[in-house]
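Reader: I would like to learn how to read a fold from its coordinates. Please take me through one case.

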Amino acid sequence: MKRFVLLQGDGMPDLPIEEKGGKTVLELAKTPNLDFLASRGEFGLVDTIPEGFEPQSDIGNLSLLGYDPKEVYTGRSPIEAASKGIVLGDDDVAFRLNLVSFDEAKGAWFLEDFSAGHIEDHDAKELVRALQQGFNSSLPLEIHPGLSYRHILVWRNGESRFVLKPPHDIQGQGVEAYLPKGPGEEVLTRLLVEAREILRSHPLNQKRMAEGKMPANGVWLWGQGKAPTNIKPFTVHAGLPGAVIAAVDLVRGIAKLAKMHLVEVEGATGFIDTNYAGKGEAVLRALGEYPFVFLHLEAPDEAGHMGSLEEKIRAIERFDAEIVGRVLDFARVTGDVRIVATSDHATPFALKTHAPGAVPFALWDPRMTRSNKHAVKFCEASAKASSVRYPSGPSLFFRLLDRDGLADF
Ligand SMILES: [Zn+2]
């Protein structure tokens, strides 16, 4: 039996850092296992994000799993809604609802932080309950609680034709210009205004501020869409069953829409403090039952959003040592596992957000005996120097599954 593993370090690629001699985070990180895959296997670039799409994780992950975003993508929030088991009718619209911090001292709609300081789950839960109870129930809107700052708003028979900006792209400025515009804008604007009134005076926010924490004194809506209907079950799409290891709703939602098996990992947080080794072990366990396993690691992306070079290096080094290394050792022993390691997009820490452009990937299986005279570093520059470039996520995905007939596997 042949088995296939796709290891996705979210947002690993970055930009050259002037103070570090032009090196990137991947170049600064010690990644012997990724370097082995790059040196011995097929190494190059893949364009995960189709032209005309934003470099978002939903697009990148769908694409890496072989689904063409141009055919299946309807928006980010319907995917997150699926992960929570929220059923959307044909005319229902799901929005991402972030708990955010506004700083009124700097302006009426000055967005201070997109996540209310990565608000703790228990505080978020209480504030979302206050919103559910407090906002005008004559509006056809439902708030579905999630974790931390990430929640879902469903508008039954709603409007979806808004251009809404992700709050992590517009924080640190007045955001009046980005308030909803278009048919139905009055419904959403009313929710945004009422949420601020309910949250501003909430005792929990007073307490948070007294403790020096950011208040969650408002919400922001974005990523809306209707339910995707074109995502084929993974077994049909790939011709074999697959399992997914992921902590974040977005990737879990894709797994649910594709009817893939979700593997739970204790201590997996979707943050830089996740259980790396537990996730690595989970890949090996899942391979006992499933011929295809997709592992998603959110940590490098989160470190990028935090703007922390040190944390991003640490997240990548732990990805390499505790996940890639484990899978690589397993593949060496069993001899029947083919591996791809890559990312969905870049999250340069200096920008604190995602950036467009092709990303490095390495594909290797134990029958690849190629030994480069010079060891290759798994990084942006050497991937670019390679002549290999896959024009889309699906093209790399089917190469991983050996469906293009080119493989020596
Ligand atoms: Zn991502």
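**Reading strands, then domains**

Author: Start with strand pairing. Strand β4 and strand β7 (residues 173–174) run antiparallel, joined by 2 bridges. This is a predicted model.

Reader: Which residue of β7 is the bridge partner of F110?

Author: G174 in β7 is the bridge partner of F110.

Reader: What else does β4 pair with, and in which sense?

Author: Strand β3 (residues 93–102) pairs with β4 (residues 110–113), in the antiparallel sense, over 2 bridges. Take S101 as an entry point: its bridge partner in β4 is D113.

Reader: What should I know about side chains along a strand?

Author: Side chains in a regular strand alternate between the two faces of the sheet.

Reader: How many bridges pair β5 with β6?

Author: Strand β5 (residues 141–147) and strand β6 (residues 150–155) pair over 5 bridges, in the antiparallel sense.

Reader: How many residues lie between β5 and β6 in the hairpin?

Author: The hairpin of β5 and β6 has 2 residues between the strands. Look at S148 in that turn: its phi is positive, about 50 degrees.

Reader: Now the whole chain. How many helices and strands are there?

Author: The protein chain has 15 helices and 14 strands. Its radius of gyration is 22 Å, close to the 22 Å from the globule rule for 409 residues, so the chain is as compact as a globular protein of that length. The C-alpha trace spans about 65 × 50 × 40 Å along its principal axes.

Reader: What share of the residues is buried?

Author: Buried residues are 51% of the 409 in the protein chain. Sequence separation is another thing to read. Among contacts with a separation of 6 or more, 71% come from residues 24 or more positions apart.

Reader: Which domains does the assignment give?

Author: The domain assignment gives domain 1 (3–73 + 231–400) and domain 2 (83–225). Their centres, taken over C-alpha atoms, are separated by 31 Å.

Reader: How many residues of each domain are in contact?

Author: In domain 1, 6 residues are in contact with 6 residues of domain 2. On the domain 1 side, helix α10 (residues 249–257) gives the most, with 4 residues.

Reader: What is the make-up of that side by class?

Author: The side of domain 1 that touches domain 2 has 3 polar and 3 charged residues, and no nonpolar ones.

How values were computed
Residues numbered from 1 in each chain as written. Predicted model: local features only at pLDDT ≥ 70, side-chain atom pairs only at ≥ 80, totals over all residues. Domains from an automatic or database assignment. Contact = placed C-beta atoms within 7 Å. Nonpolar A, V, L, I, M, F, W, Y, C, P; charged D, E, K, R; others polar. Rg over C-alpha atoms; globule rule 2.2 N^0.38 Å. Buried ≥ 20, exposed ≤ 12 C-beta atoms within 10 Å, placed from the backbone. Pairing = 2+ DSSP bridges.
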